[in-house]
Amino acid sequence: MADEVILGGWTGTQDATEETQKICEAVKDQVEKRTNQKYVVYKAVKFRDQLVAGLKLNIKVFAGEEDYIHLNVFQQLPCKGGNVELLNVEVGKTKYDPLGPFPYC
């Protein structure tokens with residue numbers, strides 16, 4: 001029962017997928033604007049998600065050298081347009097920082 005999903009609950013941390021990277025790419029401009037940085041290296045490595053009235057994701061992104069950033073993203077349901085929006089970003093993270101909850105915006 002390790003794969004059991006609790007409705008509205010967060011999944012455990014998983015390795016990033018191609019879909020996770022696509023979601024990261026969809027918010028990259030928003031991330032760069034919010035952090036006032038340009039990211040040459042920008043690779044999703046881990047994620048957690050939560051199914052609500054859409055999909056909330058916390059994503060750990062490798063940003064080069066020893067730098068990581070954590071993204072909090074919301075993806076609308078396909079029937080609502082499927083748009084992806086950056087809710088929050090945390091900089092100054094490391095490879096070892098857990099993907100915990102984000103503060104409310």
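This passage describes the fold of a predicted protein model and the setting of one of its residues, valine 91.

Because the model is predicted, local features are reported only at pLDDT of at least 70 and side-chain atom pairs only at pLDDT 80 or more, whereas totals for chains, interfaces and linings use all residues. Residues are numbered from 1 along each chain as its sequence is written, and side-chain values use heavy atoms, with hydrogens and water left out.

The protein contains one helix and five strands, where helices (H or I, at least four residues) and strands (E, at least two) are DSSP runs numbered from the N terminus. From the N terminus on, these elements follow the order β-α-β-β-β-β. The five strands form an open sheet with the order β1-β2-β3-β4-β5 and antiparallel pairing, two strands being counted as paired if DSSP finds at least two bridges between them. Strands β1 (14–15) and β5 stand at the edges with a single partner strand each, so one side of each is left without a neighbour in the sheet. Two bridges join β1 to the antiparallel strand β2 (residues 43–52), and aspartate 15 has lysine 46 of β2 as its bridge partner.

Helix α1 (residues 18–35) lies across β2, β3 (54–62), β4 (68–75) and β5, and runs at about 70° to β5; axes are lines fitted to C-alpha atoms, for helices over the stretch in contact, and angles run from 0 to 180 degrees between N-to-C directions.

Valine 91 is found in strand β5, which spans residues 84–93. Not counting residues up to four places away in sequence, valine 91 touches Thr35, Tyr39, Tyr68 and Ile69, contact meaning heavy atoms within 4.5 Å. Glutamine 75 is 16 residues from valine 91 in sequence, and the two are 21 Å apart in space, C-alpha to C-alpha.

For the protein as a whole, the radius of gyration is 13 Å, which agrees with the value near 13 Å for a compact globule of 105 residues; this radius is taken over C-alpha atoms, and the globule rule is 2.2 Å times the number of residues to the power 0.38. The C-alpha atoms fill a box of roughly 35 × 30 × 25 Å along the principal axes. Of the 105 residues, 36% count as buried. Among contacts with a separation of 6 or more, 48% are accounted for by residues 24 or more positions apart.

Notes:
Buried < 20%, exposed > 50% of the residue type's maximum accessible area, 1.4 Å probe, protein only.
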